[in-house]
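Subject: Structure for you to look at

Hi there,

Here is the structure I promised to pass on. Please open it first, and then read my notes below alongside it.

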Amino acid sequence: MSAYTALTAAGYRAQVRDKTTVFFTFAFPLIFLVVFGLIFRGRSVEQSGFSYLSYTASGVLSWGVANAAVFGIGFTLMQWRADDILRMIRMSPAPLSAVIGSRYVLALGVGFVQSVLFVGVAMLPGFGLVPSSRWPLLIPVLVLGITTFLLLGVIIGSIADTPESVAGIANFLMLPMAFLSGSFFPLDAMPDWLQKISLVMPLRYLNDAVAAALTGRGDLSDIGVGCAGLVVFAALFGAVATRTFRWTKHS
């Protein structure tokens, strides 16, 4: 427990001291929300009848939370391995669960702050988001989403050896996924073949579940399907992460 607490505290201090990380975790996704919200303010998606805001608010929130989970642990594992911190932890009584668990708690905390911030901004008069009565279901949905993308970040942080490779791999996966899963553009307005492709992307399921819980764009079955999809991807990423994790550059 002491190792877990120490690693969590160290991770928290490192995160809040890095102004670049703070900006890209909280301010950068908000820029997308504000820009898309202003561009499409008062407009609705013809195919569904829902407002663009109901898509962009839930989509940007899902992408921001997922992005923070992936990059947060990806960079940490790579840097700790390069600095031999993981090797020293391995030689101590601290288990691997303390390493991953400390980052998991931080990712959940970051996701909570992001959610409050994004929803608060989206509810301002200039945007006018009205949360659905099912909004409390957003909490378990986001926990599942953070878990899934944290495990993806473990894989990236385990195979990448430099900050550039972490950023390259993560962006290669997350940016196309954001566009193809409906985070930035309504999926209902996309061609059928693109909608089918999005079904093999975990962000699609997080987007759908968040949208149904936060904005009411969907029902309980959409939340259930979204959560089920995230569980499947979490199990898949977890299995791969256990095989790819490295304490050092060679093992």
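A239 sits in helix α10 (helices are DSSP runs of H or I with at least four residues, strands are runs of E with at least two, and both are numbered from the N terminus). In sequence A239 is 84 residues from I155, while their C-alpha atoms are 9.8 Å apart in space.

A few ground rules before the rest. This is a predicted model, in which local features need pLDDT of at least 70 and side-chain atom pairs count only at pLDDT 80 or more, whereas totals for chains, interfaces and linings use all residues. Residues are numbered from 1 along each chain as its sequence is written, and side-chain values use heavy atoms, with hydrogens and water left out.

The whole chain

The protein chain has 10 helices and zero strands. Its C-alpha trace spans about 60 × 35 × 30 Å along the principal axes. The radius of gyration is 18 Å, which agrees with the value near 18 Å for a compact globule of 251 residues (taken over C-alpha atoms; the globule rule is 2.2 Å times the number of residues to the power 0.38). Of the 251 residues, 49% are buried. Among contacts with a separation of 6 or more, 79% join residues 24 or more positions apart (contact means heavy atoms within 4.5 Å).

The core

The largest nonpolar core has 67 residues, and L61, L86, F149, L203 and L206 have the most contacts inside it (such a core is a set of buried Ala, Val, Leu, Ile, Met, Phe, Trp, Tyr and Cys residues joined through side-chain atoms within 4.5 Å). The elements giving two or more residues to this core include α2 (19-39), α3 (52-82), α6 (138-159) and α10 (220-244). The largest share, 15 residues, comes from α3. If you click on L61, you will find it in contact with T56, Q114, S115, F118, V119, L138, V210 and L214, leaving aside neighbours within four places in sequence.

Helix α10

Back to the helix that holds A239. α10 has 25 residues and reaches 36 Å from its first C-alpha to its last, close to the 36 Å expected at 1.5 Å a residue (the expected span is 1.5 Å times one less than the number of residues). Its buried residues include I223, G226, C227, F233 and F237. The buried residues of α10 pack against α6 and α9.

Two more places to look

S58 lies in helix α3 and is buried, with a relative accessible area of 1%. Its side chain reaches the backbone oxygen of Y55 at 3.3 Å. Leaving aside neighbours within four places in sequence, S58 is in contact with L53, N207, V210, A211, L214 and R217.

D84 is in the loop between α3 and α4. Its phi is near 65°, a positive value in a residue other than glycine. At 33% relative accessibility, D84 counts as partly exposed.

Happy browsing, and do write back with any questions!

Best wishes

Terms used: Buried means under 20% relative accessible area, exposed over 50%, partly exposed in between (1.4 Å probe, protein chains only). A polar contact is a pair of N or O atoms within 3.5 Å; within protein, one must be able to donate a hydrogen and the other to accept it, and residues adjacent in sequence count only if both atoms are side-chain atoms.
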